[in-house]
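Dear colleague,

Please find the structure below, handed over for your work. My notes on it follow directly after.

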Amino acid sequence: MAVRRVVPNIQSEAAQESREFYGLLGFEEVMNHGWIMTLASPSSPAAQISVMTSDKSAPVTPDMSIEVDDVDAAYAVMQASDAEIVHPLQDEEWGVRRFFVRDPSGRVVNVLGHP
C-alpha cells in the first residue's frame, strides 16, 4: 500500500476568508462541494489544504485525509490492528471510497482512495 498524499483538514465556517488567506501563500481552489473546499499549490499540486464546515456523511470532521492506492487493504490493516474505526468503509457519492480511523493521539484520520 502506497500513500499518494496527505491533506490537513481545517474545520471552519470562514471558507471564503480561508481561500483568500491561503491564496496569499499561492494556494488556489481546486475543489468545492459547498461543505468542503480544497486548495492546492499550482506548482506542487499534491500540496493541499482542505477547509470544511463539517463532514457531509460522517459523524465527525476528520483532522486529516490520507489518500492511499488501496483503501480496502488499509481498512483491513486497521481492523486487524484493533484501531478504532470511527466511520466504516464506504463509497461516497463524490467519487471516493473511504473510512475514518482514530490515531493514538485521538486525531481522526480520513483514509481514502479513488476507485
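Is Phe 21 buried, partly exposed or exposed, and what is its relative accessible area? Phe 21 is partly exposed, with a relative accessible area of 47%; buried means under 20%, exposed over 50% and partly exposed in between, with a 1.4 Å probe and protein chains only.

This is a predicted model, in which local features need pLDDT of at least 70 and side-chain atom pairs count only at pLDDT 80 or more, while totals for chains, interfaces and linings use all residues. Residues are numbered from 1 along each chain as its sequence is written, and side-chain values use heavy atoms, with hydrogens and water left out.

Phe 21 belongs to helix H1 (residues 15-23); helices (H or I, at least four residues) and strands (E, at least two) are DSSP runs, numbered from the N terminus. Together with Leu 24 and Leu 25, Phe 21 makes a nonpolar surface patch of about 380 Å². Such patches consist of residues with over 30% relative accessible area and no salt bridge, nonpolar side chains (Val, Leu, Ile, Met, Phe, Trp, Tyr) being joined within 5 Å and like charges within 9 Å. A salt bridge is a side-chain nitrogen of Lys or Arg within 4 Å of a carboxyl oxygen of Asp or Glu, and accessible areas come from the Shrake-Rupley method with a 1.4 Å probe, only the protein chains shown counting as cover for residues.

Ring pairs also link Phe 21, Tyr 22 and Phe 27 into a cluster. The whole structure holds 4 aromatic pairs; rings of Phe, Tyr and Trp (its six-membered ring) pair if their centres lie within 6.5 Å, planes under 30 degrees apart counting as stacked, over 60 as edge-to-face and the rest as tilted. Among them, Tyr 22 and Phe 27 are edge-to-face, at 6.2 Å centre to centre and 85 degrees between the planes. Both Tyr 22 and Phe 27 are buried.

The ring centres of Trp 35 and Trp 94 are 5.1 Å apart with planes at 65 degrees, so this pair is edge-to-face. The pair links distant parts of the chain, 59 residues apart: Trp 35 lies in the loop between strands S2 (28-32) and S3 (36-41), and Trp 94 in the loop between strands S6 (85-91) and S7 (97-102). Trp 35 is buried at 14% relative accessible area, whereas Trp 94 is partly exposed at 23%.

Glu 93 is also placed in the loop between S6 and S7, and is exposed at 66% relative accessibility.
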